[in-house]
Amino acid sequence: MKILVGYKRVVDYNVRIQVKPDGSGVVTDGVKLSANPFDDIALEEALRLREKGVAEEVVVVGIGPADLTAHLRNGLAMGANRAIHVVTSDAVQPLTAARVFLKLIEKEQPGLFIVGKQAIDDDANQTGQMLAALWDRPQATFAGKVEIADGKATVTREVDAGLETIEVELPAVITTDLRLNEPRFIKLPDIMKAKAKPIDSIDFASLGVEAHDHLKTTHYAPPVKRGKGVMVKDAAELVAALKQKGLL
Amino acid sequence: MSERETMEYDVIVVGAGPAGLSFAIRLKQLKPEVSVCVIEKASTIGAQILSGAVIEPQPLDALLPGWRDNPPPICVPAGEDEFWLLSKDSGRKLPVPPGMRNHGNFIVSLGAMCAWLAPQAEALGVDVFPGFAAADTIFNEDGSVAGVSIGDMGVAKDGSHKAGYAQGIDIKAKVTVLAEGARGSLTKQLIKRFKLDQGKDPQAYSIGIKELWQLPAGRATPGKIVHSFGWPADSHTYGGSFIYHLDGDRVALGYVSGLDYSDPDYKPWEAFQQWKNHPSLKPLLEGGEILSAGARAIVTGGYQSLPNVEMPGALLIGDTAGLLNVPKVKGTHQAIKSGMLAAEHLVANELKPAGFDAKLRASDVVAELKKVRNIKPAFKKGLWFGLLNAAWETALGGASPWTLKNKADWSSLHKLGAQEEPKRDYVQRTLPPRDRLAGVYFAATEHDEDQPIHLHVSDTSICVTTCAEEYGNPCTRFCPASVYEIVDDAAGKRLQINAANCVHCKTCDIKDPYQIINWVTPEGGSGPNYQNM
């Protein structure tokens with residue numbers, strides 16, 4: 001079986017996000033970028049399936065500008081066999097990403113498409129679900145545990161009520177939640193080996209995907225800052241202060 | 001334990017700062033077939049670089065002709081220079097000393113500049129590895145340096161291996177080039193092992209604390225460079241500030257305190273925050289926002305403290321050697337030049353370090369240091385003496401027949417009550433951040449809490465006994481990130497090390513009066529994540 005892994009690059013989770021002064025977006029100049037943590041979990045799961053002998057090949061796929069190759073190399077250093085880079089300098093929305101992935105699926109015919117449940121930049125939580133619908137295949141979202149046997153995936157999902165275990169026929173889409181696994185550290189010699197692994201570049205325009213923006217962002221604004229607190233002497237003063245604010 | 005995996009290079013460079021990257025670039029330009037890698041403890045190149053920074057461009061012109069057509073992302077030509085003496089309520093503008101005239105120089109973010117240099121090194125075939133910390137040096141049977149070992153990943157606080165444990169590898173090389181910056185942790189060991197400081201003065205340091213601010217539109221004057229001294233430092237503490245106006249309504253500002261201060265109650269971070277509230281500066285910052293903040297030790301010992309920079313199998317370049325020019329408040333040009341010189345030396349001598357020390361000392365890198373060697377040490381005798389002496393030394397071009405001595409910074413701390421407390425004429429602060437923890441938030445520092453503490457204190461029993469009595473635990477005050485805390489709970493009074501807050505400035509390793517704190521590299525990728533610092 002071949003596994004395709006959606007592998008997005010986002011602003012690193014340690015970065016303090018700053019909104020541009022004109023509200024047109026967030027600052028990305030000089031900002032550290034790294035793999036979407038949920039996609040790292042997806043890649044780790046794919047690699048473990050390969051190590052168990054369930055899969056033979058793991059392919060990381062990314063959509064983005066020319067310098068995305070450095071990010072895909074990290075996926076290769078983690079252990080993916082090869083990478084596919086769909087080159088575009090435009091921002092990609094979830095439906096467009098799902099359509100691109102479908103094109104790659106048609107070409108690669110994987111047994112499983114695995115991707116993070118959401119990316120930590122736009123937090124859309126849509127691409128996996130949209131892809132399953134377009135592909136007309138089952139989906140198992142928010143995976144906390146994955147087992148594959150006899151052409152089926154048994155997936156334990158993290159849902160509001162607790163854990164829910166479902167069985168889906170492969171090929172399918174799985175989206176990964178935080179507790180599925182802990183991604184491995186990249187080793188130095190593997191970075192060197194990754195340099196020799198192939199990255200296929202495909203021009204976005206050549207895929208014939210409609211790059212329509214379904215969502216329009218009006219503006220960005222940072223959360224309202226918390227005001228200064230007031231110290232009160234005792235409970236009576238607290239009650240009085242709350243009453244004055246009309247909260248009691 | 002299993003045999004560690006090994007990789008081999010002709011040359012390994014420890015540290016992807018201006019010295020290490022310039023070295024690697026120059027080496028590849030001269031001899032493309034030499035294999036060279038640069039390892040860097042920060043998770044991304046530039047994330048743990050903190051500097052003013054106004055740089056002299058000549059070394060860049062020599063290293064990368066044409067760089068001006070493709071400049072680093074933050075690069076503002078120097079404009080007007082100002083030099084101020086501050087009192088608590090006002091200030092007096094003084095003539096700008098020759099070393100601080102910046103016409104022709106550039107204000108950059110050194111972090112962004114390193115992130116810009118790294119891909120240029122990679123394009124020449126240098127392997128640059130961010131996120132990998134050099135934990136130790138390895139040696140050949142004949143005692144020469146054989147390379148470095150990379151720290152293990154996934155070790156728990158108690159030393160056991162976590163689920164994702166990955167053993168570090170050894171990188172062996174014909175030459176190891178240490179470019180760790182001020183007070184490098186491997187350099188420190190090697191100086192001791194090879195007695196590189198024999199016959200030299202002890203090294204001296206300052207601590208620089210910096211913030212990058214976004215101001216309301218139109219308030220900054222791109223290119224403007226302001227330095228000050230005086231308040232809030234008392235006349236026996238070496239302290240000075242910088243304000244560099246960048247483009248995009250940003251200003252970089254910082255305060256430098258000489259780590260040879262003697263008052264155990266001195267708080268470098270507080271001095272920085274006090275200075276920000278001076279009436280000459282506060283109106284500039286009010287209504288603005290902090291973008292990034294951090295701290296770093298600066299090497300200031302200069303000529304008389306410069307160690308032997310070569311040893312069998314290795315050499316030192318940049319600030320880890322100690323090449324910063326204090327009166328100029330610049331070290332980047334020295335870092336780049338020493339890196340280039342080291343590359344040229346190795347290429348000319350079949351990758352043998354021997355002879356590099358003599359070559360460096362005969363170069364204009366050290367000539368520059370010799371000229372200014374007496375300026376900083378004279379400030380030990382007070383501000384006015386220091387200024388008069390600086391004028392004298394500058395007029396003579398450093399031709400005085402004497403050389404003033406440096407003392408180790410840790411030894412200059414007075415015991416509690418041994419001297420009259422300097423009058424700290426401090427104000428009620430109103431600008432953010434409120435305290436050190438609020439400040440460290442802007443450093444975006446990150447360490448997995450479940451890893452061995454990377455600040456080794458060899459004897460913590462001293463903390464609540466001898467040190468509490470003699471110095472009142474100065475570590476709780478000199479650390480700009482509140483790493484050291486004396487807690488008193490059910491388990492009794494003891495030192496608590498909040499290692500996860502550490503911004504890798506190395507001040508504790510330098511200033512601790514008992515010299516029992518040893519800063520070692522944490523798990524690779526840990527530490528501050530500065531943006532445009």
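This is a predicted model: local features need pLDDT of at least 70, side-chain atom pairs count only at pLDDT 80 or more; totals for chains, interfaces and linings use all residues.

Which residues in α3(A) meet which residues in α4(A)? On the α3(A) side I listed Pro94(A), Leu95(A), Ala97(A), Ala98(A), Arg99(A), Phe101(A), Leu102(A) and Ile105(A). Their partners in α4(A) are Thr127(A), Met130(A), Leu131(A), Leu134(A) and Trp135(A). I then sorted the residues of this contact by class and got 11 nonpolar, one polar and one charged.

Next I turned to the geometry of the pair. Two packed helices are described by the angle between their axes and the distance between the axes. I found that helix α3 of chain A covers residues 94–108 and helix α4 of chain A covers residues 127–135. Their axes come within 8 Å and cross at roughly 50°. Because of that angle, α3(A) counts as oblique to α4(A). I also noted the hand: α3(A) passes α4(A) in a right-handed crossing.

Then I stepped back to the whole chain. I counted six helices and 11 strands in chain A. Its C-alpha atoms fill a box of roughly 70 × 40 × 40 Å along the principal axes. Chain A has 248 residues, and 37% of them count as buried. I looked at contacts in chain A with a separation of 6 or more, and residues 24 or more positions apart account for 69% of them.

My last entry is on the neighbouring chain. I found 16 residues of chain A in contact with 25 residues of chain B. The side of chain A that touches chain B has seven nonpolar, three polar and six charged residues.

How values were computed. Residues are numbered from 1 along each chain as its sequence is written. Chains are lettered from A and ligands numbered from 1 in the order in which they are written. Axes are lines fitted to C-alpha atoms, for helices over the stretch in contact, and angles run from 0 to 180 degrees between N-to-C directions. Helices (H or I, at least four residues) and strands (E, at least two) are DSSP runs, numbered from the N terminus. Angles under 35 degrees count as roughly parallel, over 145 as roughly antiparallel, 65 to 115 as roughly perpendicular and the rest as oblique. A crossing is left-handed if the near helix is turned anticlockwise from the far one by less than a right angle, and right-handed if clockwise. Two residues are in contact if their C-beta atoms, placed from the backbone, lie within 7 Å. Ala, Val, Leu, Ile, Met, Phe, Trp, Tyr, Cys and Pro count as nonpolar, Asp, Glu, Lys and Arg as charged, and the others, Gly among them, as polar. A residue is buried if 20 or more other C-beta atoms lie within 10 Å of its own, exposed if 12 or fewer, and partly exposed in between; C-beta atoms are placed from the backbone.
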